[in-house]
Amino acid sequence: MDTVCEDGKKFLENLSGSGKAIGVLTSGGDAQGMNAAVRAVVRMGIYVGTKVYFIHEGYQGMVDGGKHIVEAKWQDVSSILQVGGTVIGSARCKDFRTREGRKQAAHNLIKHGISNLCVIGGDGSLTGANLFREDWKGLLEELIEEGKIDKGVAHTYSHLNIVGMVGSIDNDFCGTDMTIGTDSALHRIIEVVDAIMTTAQSHQRTFVLEVMGRHCGYLALVSALASGADWVFIPESPPGEGWEDQMCQKLTENRARMKRLNIIIISEGAIDCDNKPITSDMIKDLVVKRLGFDTRVTILGHVQRGGTPSAFDRILASRMGVEAVVALLEASEETPACVVSLSGNQAIRVPLLECVQMTQEVQKAMDERKFAEAVKLRGRSFENNLNTYKSLSHKPKEEQPPSNFNVAILNVGAPAAGMNAAVRSAVRTGIAQGHKMFAVTDGFDGFIKGQIKEIKWADVGGWIGQGGSLLGTKRTLPAKNAEAIAEQIRLHDINAILMIGGFEAYLGLLELSDARAKYDEFCIPMVMVPATVSNNVPGSDFSIGADTALNAITDTCDRIKQSASGTKRRVFIIETMGGYCGYLASMSGLSAGADVSYIYEEKFDIRELQSNVEHLTGKMKTTVQRGLVLRNENCSENYTTDFIYQLYSEEGKGVFDCRKNVLGHMQQGGSPSPFDRNFGTKISAKAMQWISKKLTETYRQGRVFANSPDTACLLGMRRRTLVFQPVEELKKESDFQHRIPKEQWWLKLRPLMKILAKYKISYDVSDAGQMEHVDRRLVRDFQNSITI
């Protein structure tokens with residue numbers, strides 16, 4: 001089917017699913033976010049005109065047939081977005097492993113006209129799907145011989161199309177940066193770690209936490225990175241000889257520094273160099289015997305699979321579900337079974353078989369004790385996590401020669417969760433590279449007043465999980481006080497500056513860069529790391545703090561909707577933060593299942609408002625009980641939250657009633673999410689590595705002199721990689737009046753929310769359809785940068 005327009009773009013409305021049927025199933029272990037994926041497949045499938053069938057209880061339901069295969073209606077997936085687990089059930093199935101079982105499954109699918117399968121599960125489930133596809137023709141021939149189907153039916157359903165989505169909390173599948181459920185599992189782990197920290201500090205205790213992951217150490221590694229754990233055990237990187245002495249020495253040193261708490265995180269599949277298991281009880285016994293510390297073991301178990309899915313998982317699963325349907329519509333007999341994957345912030349397709357083979361290669365490398373190879377095969381994100389954890393958790397030896405460079409670090413603008421994790425990472429990375437690190441309190445305000453003092457390795461202990469800005473932050477810009485700041489740089493012999501902040505930090509860096517013409521003191525390497533809940537910084541797809549804010553909004557929307565569970569038909573109008581940037585309103589709309597979200601970037605008028613009210617009124621006359629409308633705080637000067645509330649209230653009379661909520665500063669508060677801790681930690685470490693490189697390059701005749709545009713940069717996530725961009729070059733990408741980038745990647749995702757809310761809308765799918773190969777991606781990605 002030709003879906004390409006004359007300008008080379010592909011649009012969803014040119015794809016037709018008429019006459020096709022899709023079966024959706026969840027298989028293997030459950031994972032939070034699976035329901036969001038099921039919802040997206042069902043609604044997208046119905047939207048393009050296909051029939052969609054639930055296959056209950058995974059492959060077992062496919063083999064058993066009958067009541068286990070049921071056509072799904074639009075309203076069947078209402079109110080499941082926020083539910084953990086999988087509402088259509090999952091089961092292990094021995095029958096499907098036999099040819100006879102697969103033949104019965106094929107017969108049951110054909111009875112319903114299903115020749116397109118969307119499988120949500122782990123590597124075992126997807127391997128089974130690929131085998132089923134390869135057997136399909138032979139199975140149909142056997143069904144013809146047995147008289148169960150005729151040749152005409154076999155011809156109609158001559159090939160089976162398979163698209164997989166990886167639902168697994170372990171994140172153990174090669175070919176995708178994140179699997180559905182991983183981020184939510186990290187939320188559960190970090191919640192427990194944060195809770196344990198408060199009790200453990202009261203009693204000077206050591207805690208050994210065992211987390212899930214089977215043979216993959218991702219959960220253990222990232223939770224160790226996100227909590228600042230003292231030690232971590234993962235199967236891909238076993239501890240070396242004499243690790244018992246090294247671990248006990250580190251625990252002793254931390255206690256000597258008045259650290260009241262020790263945390264050791266162990267993956268359930270942890271092994272030593274000889275492939276022998278390392279258990280949580282072994283670790284506890286070792287600590288008690290050698291050090292006599294009061295030590296407790298906590299095995300998290302299925303807590304990690306439970307609870308509501310995080311905002312990240314809901315958005316990821318929704319995007320993947322939509323992409324899976326598009327992939328099935330575009331599939332032909334020659335198209336290999338594929339997996340919809342995440343690379344950076346891009347949804348891509350990769351051949352299923354290549355992913356499975358690469359995943360098996362990791363286990364083979366571990367079995368053969370090729371642990372360095374196993375780490376590389378896990379991918380760029382895993383390897384970078386491991387290297388970052390090692391560099392931040394082990395204090396360098398005192399005898400390391402100093403670099404004689406002084407680096408200042410400051411927070412600028414409004415506070416954002418994850419800023420403290422970023423500061424901790426920058427301080428420790430800088431010290432590890434031999435620099436003296438100086439903390440500036442209260443942003444440029446503090447710089448002007450000389451509130452600058454050296455900050456040591458131990459000073460940032462325990463910072464990673466704390467919200468807000470412990471350094472203090474102000475919105476003051478430097479231009480009017482450039483001379484005072486230059487004086488302080490001279491007094492403290494500052495050789496480089498790292499700023500962590502939002503649009504004010506970006507403006508501040510531009511002003512310092514412009515001041516180089518007048519003041520030599522600003523001719524030093526300067527870099528900023530974006531940190532703002534608004535996610536409105538040019539040059540970066542993500543900012544530290546935005547994920548935590550999204551989770552706060554999504555959680556509040558869940559609670560607000562739940563508050564109406566006992567009432568009939570209610571619509572909530574909710575105002576989010578973000579200035580003129582609609583990121584929070586748009587992405588939380590997608591993750592909370594909103595009907596519409598109003599943002600500054602997409603102009604709307606009274607006719608559209610009226611149309612939205614009529615659309616919601618129509619839905620409310622069916623079985624739908626609740627509606628959700630989000631409004632970005634600065635989306636319109638005249639169509640205020642009160643105006644929209646009054647309009648919906650008046651027009652909805654007799655059908656639904658309305659409530660409004662202004663979420664306010666709760667979106668900036670709270671403990672940072674695992675994503676923000678991890679992202680802040682890694683992006684700051686990379687910024688410090690850049691500073692070290694630039695200091696070396698620009699040191700001439702006893703001083704640092706850096707005045708070229710590439711020595712005043714913003715470090716941002718662009719599509720798949722972290723990129724250093726001269727702020728001078730970013731000017732042309734910036735709307736300074738409204739403090740937003742001129743182009744924003746997430747605007748492409750806005751139609752998804754409307755499609756899933758039953759609106760007819762144009763959706764550009766030009767980026768979809770290109771199959772990428774796993775091995776090529778790995779080679780390229782190692783050469784590039786890191787992901788989240």
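In this predicted model, the crossing of helices H8 and H9 is right-handed. Two packed helices are described by the angle between their axes and the distance between the axes. For H8, which spans residues 243–256, and H9, which spans residues 280–291, that angle is about 65° and the axes lie 11 Å apart. On the H8 side the contact is made by Trp243, Glu244, Asp245, Met247, Cys248, Leu251 and Thr252, and these meet Ile283, Leu286, Val287, Arg290 and Leu291 of H9. Sorted by class, the contact of H8 with H9 has eight nonpolar residues, one polar residue and three charged residues.

Strand E11 itself, residues 346–351, has five of its six residues buried, so the strand is largely enclosed by the rest of the structure.

These elements belong to a chain whose secondary structure comes to 25 helices and 27 strands. A compact globule of 788 residues would have a radius of gyration near 28 Å, and the chain agrees with this, because its own value is 27 Å. Its C-alpha atoms fill a box of roughly 90 × 70 × 50 Å along the principal axes, and buried residues make up 61% of the 788 residues. Among contacts between residues at least 6 apart in sequence, 79% join residues at least 24 apart.

Technical notes:
Residues numbered from 1 in each chain as written. Predicted model: local features only at pLDDT ≥ 70, side-chain atom pairs only at ≥ 80, totals over all residues. Heavy atoms only, no water. Axes fitted to C-alpha atoms, helices over the stretch in contact; angles between N-to-C directions. Helix = DSSP H or I, 4+ residues; strand = E, 2+ residues; numbered from the N terminus. Left-handed = near helix turned anticlockwise from the far one by under 90°. Contact = heavy atoms within 4.5 Å. Nonpolar A, V, L, I, M, F, W, Y, C, P; charged D, E, K, R; others polar. Buried < 20%, exposed > 50% of the residue type's maximum accessible area, 1.4 Å probe, protein only. Rg over C-alpha atoms; globule rule 2.2 N^0.38 Å.
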